[in-house]
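Dear colleague,

Please find below the structure that I am handing over to you, together with its sequence.

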Amino acid sequence: HVLDKNANEADLRLSWNHQVVPYAKELLDLSGTGEEIKQFYWNEVRPTAPADGVGELKKLLKSKQQLMIVGRPNTGKKFMANQIANELAGAPDFVKVVHFHQNMGYEHFIRGFLPGKESFELRNGPLLEMSKTAKENKKKNVVLVFIVEQDQQHRIAKIFGELFFLLEYRDQTIKLQYGNEKKDTKRDFCLPPNLFFIGVMNTHGASRIDAALRRRFVFAEPF
């Protein structure tokens with residue numbers, strides 16, 4: 001299922017799985033050589049990374065800091081993601097699990113004005129909470145696990161907001177949509193280097209993910 005970077009033109013093979021089908025038209029429209037097609041595949045499609053067991057997935061996560069586990073329903077993806085997160089973090093306080101369901105939005109995941117006792121209050125979401133934990137415990141690994149429900153794959157970029165940029169440029173600082181100069185609500189934000197992300201989604205949903213999101217995660221289908 002994965003192209004060999006060292007393969008010559010004669011050995012070039014394209015696997016018609018969920019990684020390639022969305023790009024079939026672009027691949028077929030290319031009028032260049034096999035080498036150009038191969039470069040397009042590696043730069044844009046980002047094929048499924050081979051993974052065999054928790055140990056291999058941990059290596060993939062450490063190499064990129066952002067891992068997406070895909071597979072058929074009821075195959076143990078969530079269990080494996082939690083196992084990897086707990087082994088990497090070493091303590092439950094450094095692991096957070098979030099569900100991306102139909103009511104989840106940017107304001108819930110990152111920061112936004114949400115109903116309080118008397119009025120709307122500016123609250124930090126799981127991302128900022130775990131980022132704060134990571135910054136306060138620089139020698140510890142902190143893992144944020146997000147489970148994407150099957151009908152919500154197309155909304156990932158909307159939920160991520162500025163995180164979509166920071167996942168690719170981790171050394172950059174960006175201003176959040178909401179915030180002020182009070183403690184814990186400043187707008188300037190950057191990702192701590194010890195914060196890891198593990199996503200979980202079904203194979204069917206992964207087929208609709210665009211190249212921009214694929215570029216930010218290592219996609220692995222261990223089952």
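**The sheet and its surroundings**

Five strands make up an open sheet with parallel pairing, in the order E2-E5-E8-E1-E9. Strand E2 (95-100) and strand E9 (218-220) are at the edges with a single partner strand each, so one side of each has no neighbour in the sheet. From one strand to the next, the twist averages 20°. Please bear in mind that this is a predicted model.

Within this sheet, strand E5 (residues 142-148) pairs with strand E8 (residues 195-202) in the parallel sense, over six bridges. In this pairing, phenylalanine 146 stands opposite glycine 199 in E8. Helix H6 (residues 126-136) packs on the sheet and touches E2, E5 and E8; the direction of H6 makes about 160° with that of E5. H4 also lies across the sheet strands E1 (66-71), E2, E5 and E8, and runs at about 170° to E8.

**Helices H3 and H4**

Helix H4 (residues 77-89) has a helical partner in helix H3 (residues 53-64): their axes come within 10 Å and cross at roughly 65°. The crossing of H3 and H4 is right-handed. On the H3 side, the contact is made by Val54, Leu57, Lys58, Leu61 and Lys62; on the H4 side, Met80, Gln83, Ile84, Glu87 and Leu88 take part.

**A hairpin**

Strand E3 (residues 111-115) and strand E4 (residues 120-124) pair in the antiparallel sense over five bridges. The two strands E3 and E4 form a hairpin, with four residues between them. Glycine 112 stands opposite arginine 123 in E4.

**Aromatic pairs**

With ring centres within 6.5 Å as the criterion, the count comes to nine aromatic pairs. In one of them, the rings of phenylalanine 146 and phenylalanine 217 have centres 5.9 Å apart and planes at 75°, so the pair is edge-to-face. Because phenylalanine 146 lies in strand E5 and phenylalanine 217 in the loop between helix H10 (211-216) and E9, the pair ties together parts that are 71 residues apart in sequence.

With kind regards

Key: Residues numbered from 1 in each chain as written. Predicted model: local features only at pLDDT ≥ 70, side-chain atom pairs only at ≥ 80, totals over all residues. Heavy atoms only, no water. Axes fitted to C-alpha atoms, helices over the stretch in contact; angles between N-to-C directions. Left-handed = near helix turned anticlockwise from the far one by under 90°. Contact = heavy atoms within 4.5 Å. Pairing = 2+ DSSP bridges. Phe/Tyr/Trp six-rings, centres within 6.5 Å; stacked < 30°, edge-to-face > 60°.
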